[in-house]
Amino acid sequence: MAGIGFVLKQLIRRDDLIGVARAYTHSTLISCGPWVTTIVALSFVYSLCGGDGHSQGFLNLQGALFYDFAFSLIFTAPLHMVATRYIANSIYKQNITDISASLLTCLGLVTLQGIPTAWYYFVWLDLPLPFAIAAFMCLILLSYIWVLNVYLTALKNYVATTRAFIIGMFIIFIFSVWVL
């Protein structure tokens, strides 16, 4: 996330309240976009349940998302730190040819780290098989999002990153309503 301050200062150039609000919105969604979008989407889903969040489908969804976030943060935190440093060094040295290879390596490592947790969804929890498959795939995809966030931030296209999180929140909302 090196250099984010300089780009956000460019967003504030309008020197009015809208420019400042726009810069703070982008910085918030870039730094914690997956958390914010998931919380907002779950809030909408909860409100559509009529306040009755005690149905088995909703509890399974809530539990799966909780553990997906916990596992994905554990798996990606070390890679996140190393990848951020590697990207910053590569950009500083103006040698960006190896960044795409490092992205594929990080995604492969995340996938390998996530595979042993499949037992949790398929054996430990008493979930229907299609739901267990969906929860495991959500874990892998969420881990990918954490890693990709580092690379998207390096591109410094914060508007596209913010738009992607908002579209992702909408998709989460639609599929959650469909599952319930």
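Me: In which helix is the place of Val82?

Reply: The model is a predicted one. In it, Val82 belongs to helix H3.

Me: Why is Val82 called exposed?

Reply: The relative accessibility of Val82 is 57%. The term exposed requires over 50%, therefore Val82 counts as exposed.

Me: How far apart are Val82 and Cys106, in sequence and in space?

Reply: Along the sequence, 24 residues separate Val82 and Cys106; their C-alpha to C-alpha distance is 9.7 Å.

Me: What makes the phi of Gln94 worth noting?

Reply: Gln94 has a positive phi of about 60° and is not a glycine. Most residues other than glycine have a negative phi. Gln94 lies in the loop between helix H3 (56-92) and helix H4 (99-114).

Me: Is Gln94 buried or exposed, and how do you know?

Reply: Gln94 has a relative accessible area of 73%. Because exposed means over 50%, Gln94 is exposed.

Me: Which residues make the nonpolar surface patch, and which helices supply them?

Reply: The patch, of about 800 Å², consists of Trp119, Phe122, Val123, Trp124, Leu129, Ile133 and Met137. Helix H5 (118-124) and helix H6 (129-155) each supply at least two of its residues, and the largest share, four residues, comes from H5.

Me: Why is Met137 called partly exposed?

Reply: Met137, in helix H6, has a relative accessible area of 41%. Buried means under 20% and exposed means over 50%, with partly exposed in between, so Met137 is partly exposed.

Notes:
Residues numbered from 1 in each chain as written. Predicted model: local features only at pLDDT ≥ 70, side-chain atom pairs only at ≥ 80, totals over all residues. Heavy atoms only, no water. Patch = residues over 30% accessible without salt bridge, like charges linked within 9 Å, V, L, I, M, F, W, Y side chains within 5 Å. Areas by Shrake-Rupley, 256 points an atom, 1.4 Å probe, with all protein chains shown as cover. Salt bridge = Lys/Arg side-chain N within 4 Å of Asp/Glu carboxyl O. Buried < 20%, exposed > 50% of the residue type's maximum accessible area, 1.4 Å probe, protein only.
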